[in-house]
Amino acid sequence: MAPITSTYRLQLRPDAFTLHDAAELVDYLDGLGVSHLYLSPILTATSGSTHGYDVTDPTTVSEGLGGRGAVVELARRAGERGMGLIVDLVPNHVGVAKPQENAWWWDVLAHGQSSEYVHFFDIDWNHDNGADGKLALPVLGQPADLDALQIDYSSGAPLLTFYEHRFPIMPGTESGSPSEVHERQAYRLVPWNAGISTYRRFFTVNELAALRQEDPRVFELCHRELKTWVDEGLIDGVRIDHPDGLANPASYLAQLRELIGPDQWIVIEKILGHTEPLDPLLPVDGTTGYDALNQLGGVFVDSRAEHELSELSAALTGNDGDRAWLHHTERQLKRETARSDLAPEIRRLVRAIQLETGSLCSNKALNDAVVVAVARMPVYRSDYSPLAGLTARIFGEIHELAPGYEEPFNALAQALSRGGEAAIRFQQICGAVMAKSVEDRLFYRTARLISRQEVGSNPAAFAVSVAEFHLANADRARLWPKAMTALSTHDTKRGEDVRARISVLSQMPTLWSRLIRDWEESAPSPDALTGLFLWQNLVGSWPVGEPAPDFRSRFHAYAEKAIREAAVRTSWNSPDSTFEAAVHHWIDNVIDGPVGQSITELVLHIARHAWSDSLGQKLLQICGPGIPDIYQGTELWEDSLVDPDNRRLVNFDIRRSMLQSPVTPVDATGGAKLHLVRTALQLRRKNPDWFVGGTYRPILASGARSGHVIAFSRGPVGEEPTVIAVTTRHSVILADHGWGDTTLNLPDGDWTDILNGRPVTSNRMLAILAGSPTALLVRHTPTSPSNSSSPPAAGTRRTIDPNPAGTQPTRRSPTTGTCHHPGSQA
């Protein structure tokens, strides 16, 4: 098994990037310094799927991706270079959008409760389920669409059809009209917006039906192929998608660990609450890194801008985005979600409570109690060991706020205490409500500083202090040294470099506030909240350097998704074509008009500061505790927004060519980022004990600008530090005032910055960074000369400072014509 020092995420898709294509990248990723290829799901998925999370056959490798033989070949090629494979596993749900492609689901549709696979799925066959005890399939546009049903005999066995949809007909029920045949089936076709769902879904996605991994047969079949990969040495670990959706995540993970053995790396897509620790009893190596992402991005935000940006948000949108507003709105949105999108799940939970407790409370009273309790739950689920007592405290708060409603809450408490079906459903609903209300709604309804509105982040915490950052890293180094860390994923709302550029606005809040007001006067947005939200996304993703011909179409697609997710003026369920047309017209007006030129000027004004922060957070991620994941393509500057934009194909030819090129300046090409990633990853791979399980020690600066540096050392346990990561933060002020007499308290020893091959002869920040925003220092030892840690090849050029010390030339401010020094508004 190859030591895991880093991963590189690859998004596979049958139509454009298969396992065979991944095999052709092994040499490039080896040159980059990656230890493991981290593959998106490779089991057979719904035809046409571009992500693989809608698995239809968990027992086979997707032939569209190359089949099992391609996995074997990829593992062989990686193994020849001392590399390995990590695979993304999806235990919570399967794809049912095309029922005929999912044999288990198809059999349940055909035979109902007599199907041998009926217990694979979490189906409500109760006659009060809204579908007369049948399996409801929400595919109709309206009830009258039942008149469009037909019976198709062309494929042999008769099928019930609704346009492109195909459904089985139970043997012996095929006679009569299509409507009569439909009435005899174990399923019932219902309108997609009828609020009838009789099977547990992934959140509210009707096309993804949840599996019951607690059933031994389900677990065995879903992990049979995985076990062969482990037994044959094809993989070194797995990423587990959304374990919180399972009946008992801890039990599932224990089974998984027993199945694949103690040495396989297991990380889980666990979204931790704002102060929630990862359960140390879980047999895993850590999370997939959203907790680290929050800290890595937040430490570059300037906390001094909080008041001014809150005032801007309040003036334009009516909410300031502060802790109190977010807290109140989160609970409100959770209640709305529980009563609407997830109402079927709430009703099913209420029935379970009544069945288990014999409660005589009305359905409404119990429903209200459940909704209130779920809305106050601050985490995805509360049944992990560190959260013992959380649910009791929440119930205590509810009692204080709403005395006189003890009966339904007592019944709910009794049911949760029993640990049966009601307790399981309560925990599953909490996670679904959290995801749909917070990540997919609240984060689109507030816009104080949207770089802080990310999966796993807390927008109420405007910034992360250096002290908090170091303490979180120290905990990770001690408790979870092999946890994954991330900056971009296929689920992030914005890519790492987009967030970094948006965060620079916190260093110039006065200038930003004035620009927003100027832009709104020149090109008024159709809605103030939509405007403030999209202005930041425009600035974050606006092209620098070469024109981006697809930028306009990509941004239109993003904006439409964003305003529908916000569900204020339009939504997925009830799209408002007039408002959406106004938003699209406004975007074109901005891009083509004078405001577009003003945005260009602003972006050029802040680009070098954004690049500085991008390099800084990348260095801190790669050299910090945990296993850094490089999301595909992010070794260069990357401008992705939310999915599917962040799953676009990557031009690896450009990256392969640049990997062989001399070090380039910190400019729009991204060559400086590629050089940093390669140098740091190669250092990790060559010296794994310095990083995985090694020491972590903050290094502090002294002097007037000490708050503008983040530095820490790493090294083997019990030895002196061997490597130091140093990065600049809040560079806008530095551009005016420089580092001055600021020094870094370096440990004794001789150090070389391997990003440029230059020895460090002084502890002054000006000397350590020498015109660059980052430094990666390695200690000289008699047995480990400075050139043993992969310094740049001969002939490489120095990186150019994106924010050199000293005052910069004045430039005209966007839209106004007045002159400002960069950072003078901070």
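Trainee: By the rule for ring pairs, how many aromatic pairs does the count come to?

Mentor: The rule pairs rings of Phe, Tyr and Trp, the last by its six-membered ring, if their centres lie within 6.5 Å, and it calls planes under 30 degrees apart stacked, those over 60 edge-to-face and the rest tilted; by this rule the count comes to 24 aromatic pairs. This is a predicted model, in which local features need pLDDT of at least 70 and side-chain atom pairs count only at pLDDT 80 or more, while totals for chains, interfaces and linings use all residues. Residues are numbered from 1 along each chain as its sequence is written, and side-chain values use heavy atoms, with hydrogens and water left out.

Trainee: What makes Trp105 and Tyr199 an aromatic pair, and of which kind?

Mentor: Their ring centres are 5.1 Å apart and their planes stand at 70°, and since the limits are within 6.5 Å for a pair and over 60 degrees for edge-to-face, the pair is edge-to-face. Trp105 belongs to helix H4 (residues 103-111) and Tyr199 to the loop between strand S11 (187-191) and strand S12 (201-202), so the pair ties together parts that are 94 residues apart in sequence. These helices (H or I, at least four residues) and strands (E, at least two) are DSSP runs, numbered from the N terminus.

Trainee: Why are Trp105 and Tyr199 called buried?

Mentor: Buried means under 20% relative accessible area, exposed over 50% and partly exposed in between, with a 1.4 Å probe and protein chains only; Trp105 has 1% and Tyr199 has 4%, so both fall under the cut-off for buried.

Trainee: Why is the pair of Trp512 and Trp519 called edge-to-face?

Mentor: Their ring centres are 5.8 Å apart and their planes meet at 85°, so the pair is edge-to-face; both Trp512 and Trp519 are buried.

Trainee: How do you know that the length of helix H22 agrees with its number of residues?

Mentor: The expected span is 1.5 Å times one less than the number of residues, so the 30 residues of H22 (residues 594-623) should span 44 Å, and the 43 Å between the end C-alpha atoms agrees with this.

Trainee: Why is H22 described as largely enclosed?

Mentor: Of its 30 residues, 25 are buried, so H22 is largely enclosed by the rest of the structure.

Trainee: What makes S6 and S12 edge strands?

Mentor: Two strands pair if DSSP finds at least two bridges between them, and strand S6 (93-95) and S12 each pair on one side only. The open sheet has three strands in the order S6-S13-S12, with antiparallel pairing. Three bridges join S6 to strand S13 (residues 205-210), and Gly95 stands opposite Leu208 in S13.

Trainee: Why do Asp132 and Ala770 count as partly exposed?

Mentor: Asp132 has a relative accessible area of 44% and Ala770 one of 31%, so both values lie in between the limits for buried and exposed. Asp132 is found in the loop between H4 and strand S7 (135-140), and its phi, near 55°, is positive in a residue other than glycine. Ala770, in the loop between helix H27 (765-769) and strand S26 (774-779), has a positive phi of about 45° although it is not a glycine.
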